[in-house]
Structure formats: C-alpha cells, structure tokens
Amino acid sequence: MLVDRHSDSQCSPTRQSLSLSESEEQVDRLQQVELVRTTPMSHWKAGTVQAWLEVVMAMPMYVKACAENVKSGKVPIPKPPFRSSVPTSREQVLLSLSDEDLELGLGVCSSLHRRKLRLAIEDYRDAEAGRSLSKAADLDHHWVAKAWLNDIGLSQYSQAFQNHLVDGRMLNSLMKRDLEKHLNVSKKFHQVSILLGIELLYQVNFSREALQERRARCETQNIDPVVWTNQRVLKWVRDIDLKEYADNLTNSGVHGAVLVLEPTFNAEAMATALGIPSGKHILRRHLAEEMSAIFHPANSTGIREAERFGTPPGRASSVTRAGKEENSGGIKYKAGRVGRGFSSKDPDFHDDYGSLQNEDCGDDDSQGRPEQCHLEGYNGLEVTNV
C-alpha cells in the first residue's frame, strides 16, 4: 500500500487556519485574563469582561448573553429582553445590575450564581476604592469543593458545592437555609460543621497560606487544635489508643473548629460520634480526660488567637448570620450566633451519626431538593441573635 508521506505530514490549509485561529483566541483570552488581574474593573472592555466571566468566574455558560448585553466593565448596555431599570450613564458599573437584570439579561437563573457574581463585583468595586481584593477571592470553587470540604470531613457534599460554583466569597455569605435549599445539607450537625469551618476561615481572614502554616505547625504536635482538619482529628483519636473507633469520624464533619468553637460538643457528643458504646465507661472517661487536656484550654485562648490574627471578638461573620437583607449596593447581614444548645441527647444527633458511613447525600441533584431538605423543629442548633 502506497502512502503519501508529504500529504500525511502536512495539515490542509483549512485545518491550519482553524488551528491558528484557535491558538490566537487562546492567547487573546489569556491576555484578557491578565488584564483582569492588573486593571480596575471600570477600565475593562467587552473582551475582558467575557474572559473574566469564562475563566475567573468559571461561568462560560453566560458568556454569549454577556457579549450581547455588557459592552464594558463600566457601562451595562441593556437590550431586549434585558429590561434594566438602570440608566446607561457613564457612571454606572456592573454592580448596578439587579438580580432581575442578571436573570433576564444574562440568563443567570441560579440564585447562587447571581449571588456569586454580585459578591465578586462588590469586591472589585471595593478594590477600586483603594482596597485590595479580599483574600476570599483567591479561594476558587475547585478548592472549596475538593480541598476545603475534605478538610472539614464533609467531602460527600463536594458535587453539590461544585455544581453551584461555591467559592470563597460565597462561603462567607452562606446561611443555614442556603445549605438546606441549594446544597442538600439537611443534617443539623453537618450544617453547623460547615458554618464553623467558615468561622475558622474568617478568623484567618480567608488566607489559605495562614491556615496551611498553622496546620503545618500542629501536624506532629497537639497544639492549636482549632485549625485541625478532620484527618488530623482522626490521627489524634488513634494516638490516644482509640484507633478502633477513629474511622467512624470519616465524613462526619468533626474537625478542630467544631471541637474548640462549639462548647456543647462535649466528650459525650464525641463518644457518640466515635460510636463508643454507652456501657464502655472507662473508654468514655479516658476520652473525656484527653479532650479536656487538649480542647478545653484551646477554648480559653480563642479570644487571644482571634486578636492575634486580626479578628475582633464578637464580630458578625458567616457563622453568626441569622438572616440577610439586600439593598441597592449589595448584600448585608444581620448578626446572630450558631450553637449554644447542641446536645448528644437530641434524638436527631443520634440519627445524624447512625448512618454516616452509608449516607446518600443526593449530590447528583444540582438544584437541590428544598421540599425534602427543610428541617422540622430546628431547636438544638438554631441560629439566634445576640
């Protein structure tokens, strides 16, 4: 069989043209992404806005509508059916777009996607006012869904968080009803575990580097337990001669912030989570003594640690938000508090730990199942105002 080596080694002119065009588009996209990092949003052109939406925000599904309706970072250009009440003066910025504008103009039907966009735009607006972008901007949705959820021992919710593109900024806005309605987190304890994980991120100013540095220091020493990951807690359980029960904490949501920041998660609750039978009094007493030595001192130093890392005591953070209200500029939150009433005697607590290893969290439903996720009688861990 004869083979035309020349034709086999050369691409057709059409294919070469397509390849070159795709390559040029890729280079242009990378250049636009670099402009996102170095240029104020008000100076962005249409191509930069689209690259930001596609690459940085991971929302390529909205790029086409964006190209039709938003011509720069500064001026929204409404077109039918983009029924915006916002005037198209040069002073208007993307932040001026309402939820209705985002839904009708860009086709952003997901309320969490709209929130993600608005929180990001607010962050860029603050940066233009002289402040840098928040540290939460560095925490993309891949890190949240894969690394962070695994660290707090709730990787079973990874797909739901991935589907809703939950990033660092969104973490700082999540409330109990968001977890129930959109992210399939119906278990009370898992909700509190997530909120306390966010509280820890707030304490380190959402700095991934600061968190990793503190965790590295306590990897081989029983210090700074508030930053312990779920895996580090498992290691500690094995080290205190309870290794036969350690694996029961896998995917349980038990991590250092729960043990230190939630005062009602006591030795009895921990014993239940570990699956230590109630009749094993010696083992339970041993666990209580070990917890007292490590975690109770950490509770008393919480304020000092918060002050050290620039977190004022009593601040209103994601874990304390009992409700939200929106006004023209963005999203504001009311202060409240999580915890104060969690008890291992609560029947729902035992239900939570009764089937953790075999639990199906329904992550395949990207939109959630609000009808099935509402909690009845949410008394033990209710968010309350202070």
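Biologist: Why is R238 called partly exposed?

Modeller: R238 has a relative accessible area of 37%. Buried means under 20%, exposed means over 50%, and partly exposed is in between, with a 1.4 Å probe and protein chains only. R238 therefore counts as partly exposed. Before we go on: this is a predicted model, where local features need pLDDT of at least 70 and side-chain atom pairs count only at pLDDT 80 or more, while totals for chains, interfaces and linings use all residues. Residues are numbered from 1 along each chain as its sequence is written, and side-chain values use heavy atoms, with hydrogens and water left out.

Biologist: What makes D247 and R238 a salt bridge?

Modeller: The term asks for a side-chain nitrogen of Lys or Arg within 4 Å of a carboxyl oxygen of Asp or Glu. For D247 and R238 the N to O value is 2.9 Å, so the pair meets the definition. D247 is partly exposed, with a relative accessible area of 47%. The structure holds 13 salt bridges.

Biologist: Which salt bridge does R118 form?

Modeller: R118 pairs with D99, and their closest N and O atoms are 3.1 Å apart. The two residues belong to distant parts of the chain: R118 is in helix α6 and D99 is in helix α5 (residues 99-105), 19 residues apart. Helices are DSSP runs of H or I with at least four residues, strands are runs of E with at least two, and both are numbered from the N terminus.

Biologist: Is R118 buried or exposed?

Modeller: R118 has 7% relative accessibility, so R118 counts as buried.

Biologist: How do you know that the length of α6 agrees with its number of residues?

Modeller: The expected span is 1.5 Å times one less than the number of residues. Helix α6 (residues 111-128) has 18 residues and should span 26 Å; its end C-alpha atoms are 26 Å apart, which agrees.

Biologist: What makes W52 and Y124 an edge-to-face pair?

Modeller: Rings of Phe, Tyr and Trp (its six-membered ring) pair if their centres lie within 6.5 Å; planes under 30 degrees apart count as stacked, over 60 as edge-to-face and the rest as tilted. The ring centres of W52 and Y124 are 5.9 Å apart and the planes stand at 90°, so the pair is edge-to-face. W52 lies in helix α3 (residues 46-56) and Y124 in helix α6, 72 residues apart. Both W52 and Y124 are buried. W236 and F295 also form an edge-to-face pair, at 5.1 Å centre to centre and 80° between the planes.

Biologist: Why is W236 called buried?

Modeller: W236 has a relative accessible area of 1%, so W236 is buried. F295, at 0%, is buried as well.

Biologist: Which residues have the most contacts inside the largest nonpolar core?

Modeller: They are W148, F161, W236, M270 and L287, in a core of 61 residues. Such a core is a set of buried Ala, Val, Leu, Ile, Met, Phe, Trp, Tyr and Cys residues joined through side-chain atoms within 4.5 Å. Helix α11 (residues 188-203) gives the most to this core, with 8 residues.
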